[in-house]
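Take a moment with the sequence and the model before reading on. The paragraphs below go through them step by step.

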Amino acid sequence: MQIFSPSADTWFRAGLAAFAVLVAALALVGGGYARSEYLTQVGWTRDQQVPFSHKHHVGDLGIDCRYCHTSVETATRAGLPPTHTCMTCHSQVWTGAPMLAPVRKSLATGEPLHWRRVAQLPDYVYFDHSIHVDRGVACVECHGRVDRMPLTWRAKAFEMKFCLDCHRDPAPHLRPPEQVTRMDWSDWSEDRAEAFGMAAMRRFHVEPARLDSCEICHR
Amino acid sequence: MVVPILGCALVAGCGKNMVQQARYDPYEKAPLFEDGMAMRAPPEGVVSRDAPQRRAATQRPAMSAALLARGRERYGIYCVPCHARDGSGNGIVPARGFPHPPDFHSERLKAASERHFYDVMTQGYGVMYAYADRVPPRDRWAIAAYIRALQATNLPEDRTEPRRGD
């Protein structure tokens with residue numbers, strides 16, 4: 001008795017091929033999704049109560065990040081500016097602008113402005129600004145060219161890979177700590193960065209071998 | 001069959017909770033409070049735990065090169081937008097409509113004490129807001145020392161403010 005029909009072998013091969021194609025397609029779609037901006041939220045802006053522009057305040061006016069994000073050197077959080085900080089200028093500049101009405105209302109009522117976050121980590125990751133700033137990791141390494149953002153967006157995918165790529169080889173990313181808020185480093189050649197980085201690694205006793213152990217970021 | 005499916009569902013469920021854990025982080029919403037924010041302002045009359053240390057830090061530190069360097073950096077962050085790098089008051093914010101601050105090189109401010117600069121930063125002065133929330137006492141003394149150094153430079157009358165980045 002014949003168990004398999006004459007075409008069985010063909011069907012089997014076709015089935016295998018179809019299965020392979022399906023797996024490949026799933027991997028492609030899945031991989032694409034994992035790296036897509038939809039998941040990592042890179043480049044997304046969010047509606048804010050006040051359309052605050054870093055391009056205007058940092059790029060055009062040249063205000064230092066620390067004027068508003070005061071605790072970035074001393075604490076885990078950089079801090080978002082309280083209404084008082086906006087009013088140091090906007091008590092006199094653009095006082096009637098409808099765009100700034102929520103800021104004036106916030107000052108009058110004492111109710112803080114609600115900013116919708118764009119650069120945030122999951123709660124299970126521990127991050128600390130002060131040590132990065134102290135060692136000379138510039139804001140631009142993680143937040144991109146903030147001075148060119150009319151509305152703030154996330155410049156880098158805050159995936160584990162992003163942190164680890166640097167933690168395993170921080171040298172080329174280190175800069176003079178007193179210039180961390182500088183955005184444009186185009187005048188630093190790769191060699192200069194590498195040489196400066198190696199010296200900084202020795203000065204601060206940075207150990208890449210320790211920096212990729214899980215408990216540093218997941219505690 | 002059911003067990004792995006249930007397992008997957010459970011793990012997937014957990015995943016969400018780990019990303020947004022049942023705790024309040026700074027800047028998060030908190031329906032518990034009237035203003036809906038997790039971060040609270042301290043109630044009226046609260047005394048900071050390290051108040052004595054803070055009071056001690058309001059003493060004027062001894063002059064040193066490090067103090068001046070610190071003052072220069074802090075002045076660059078908090079004062080330059082208005083008072084300008086050279087202390088003339090020709091900063092970018094006055095250029096956009098903020099009242100023009102007085103020139104640090106005027107006779108009156110050359111005669112003023114460092115304590116006066118310190119107090120201006122602590123309490124504000126006229127239309128200038130206080131910087132006490134962002135410039136701690138030691139840095140205020142550092143900035144005051146740096147203003148003194150600026151005043152000693154005797155800039156020419158017809159100077160212009162150098163562009164940012166120079």
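How many of the eight residues of α5(A) are buried? Seven of them are, so this helix is mostly covered, with buried meaning under 20% relative accessible area. Keep in mind that this is a predicted model. The buried residues of α5(A) are Thr83(A), Thr85(A), Cys86(A), Met87(A), Thr88(A), Cys89(A) and His90(A). Their cover includes α3 (54–60), α4 and α6 of chain A. It also includes α5 of chain B, from across the chain boundary.

One partner of α5(A) can be followed in detail. Two packed helices are described by the angle between their axes and the distance between the axes. Here the axes of α5(A) and α6(A) come within 10 Å. They cross at roughly 115 degrees. The crossing is left-handed. From α5(A), the residues in contact are Thr83(A), Cys86(A) and Met87(A). They meet Val103(A), Ser106(A) and Leu107(A) of α6(A). By class, this contact has four nonpolar residues, two polar ones and no charged ones. An α-helix has 3.6 residues a turn, so residues three or four places apart point the same way.

The loop between α5 (83–90) and α6 (101–109) of chain A holds Trp94(A). Its backbone stands out: Trp94(A) has a positive phi of about 55 degrees, although it is not a glycine. Is Trp94(A) buried or exposed? Trp94(A) is exposed, because its relative accessible area is 52% and the cut-off is over 50%.

Chain A also has a helix α1 (residues 8–35), and Phe12(A) is found there. Phe12(A) counts as exposed, at 55% relative accessibility.

Now turn to chain B. It has eight helices and zero strands. Buried residues make up 36% of its 166 residues. Consider the contacts in chain B with a separation of 6 or more: 47% of them join residues 24 or more positions apart. One pair shows how sequence and space can part ways. Ser64(B) and Ala145(B) are 81 residues apart in sequence, yet 9.6 Å apart in space, C-alpha to C-alpha. Ser64(B) is found in the loop between α2 (51–57) and α3 of chain B. At a relative accessible area of 33%, Ser64(B) is partly exposed.

Helix α3 of chain B covers residues 65–78.

The loop between α4 and α5 (92–95) of chain B contains Ala84(B). Ala84(B) also has a positive phi, of about 70 degrees, although it is not a glycine. Its accessibility is another matter. Ala84(B) is buried, with a relative accessible area of 0%.

Next comes the largest nonpolar core, which has 25 residues. Those that touch the most other members are Tyr67(A), Tyr75(B), Tyr78(B), Val93(B), Phe117(B), Ile143(B) and Ile147(B). The elements that give two or more residues to this core are α3, α4, α7 (114–123) and α8 of chain B. The largest share, five residues, comes from α8(B). Take Ile147(B) as an example. Leaving aside neighbours within four places in sequence, Ile147(B) is in contact with Tyr75(B), Phe104(B) and Phe117(B).

Helix α8 of chain B also holds Arg148(B). Arg148(B) counts as partly exposed, at 24% relative accessibility. Which residues does Arg148(B) touch, not counting those up to four places away in sequence? They are Leu109(B), Lys110(B), Ala112(B), Ser113(B), Glu114(B) and Phe117(B). Arg148(B) and Pro137(B) are eleven residues apart in sequence, and 17 Å apart in space, C-alpha to C-alpha.

Conventions
Residues numbered from 1 in each chain as written. Chains lettered and ligands numbered in written order. Predicted model: local features only at pLDDT ≥ 70, side-chain atom pairs only at ≥ 80, totals over all residues. Heavy atoms only, no water. Helix = DSSP H or I, 4+ residues; strand = E, 2+ residues; numbered from the N terminus. Expected span 1.5 Å × (residues − 1). Buried < 20%, exposed > 50% of the residue type's maximum accessible area, 1.4 Å probe, protein only. Axes fitted to C-alpha atoms, helices over the stretch in contact; angles between N-to-C directions. Left-handed = near helix turned anticlockwise from the far one by under 90°. Contact = heavy atoms within 4.5 Å. Nonpolar A, V, L, I, M, F, W, Y, C, P; charged D, E, K, R; others polar. Core = buried A, V, L, I, M, F, W, Y, C linked by side-chain atoms within 4.5 Å.
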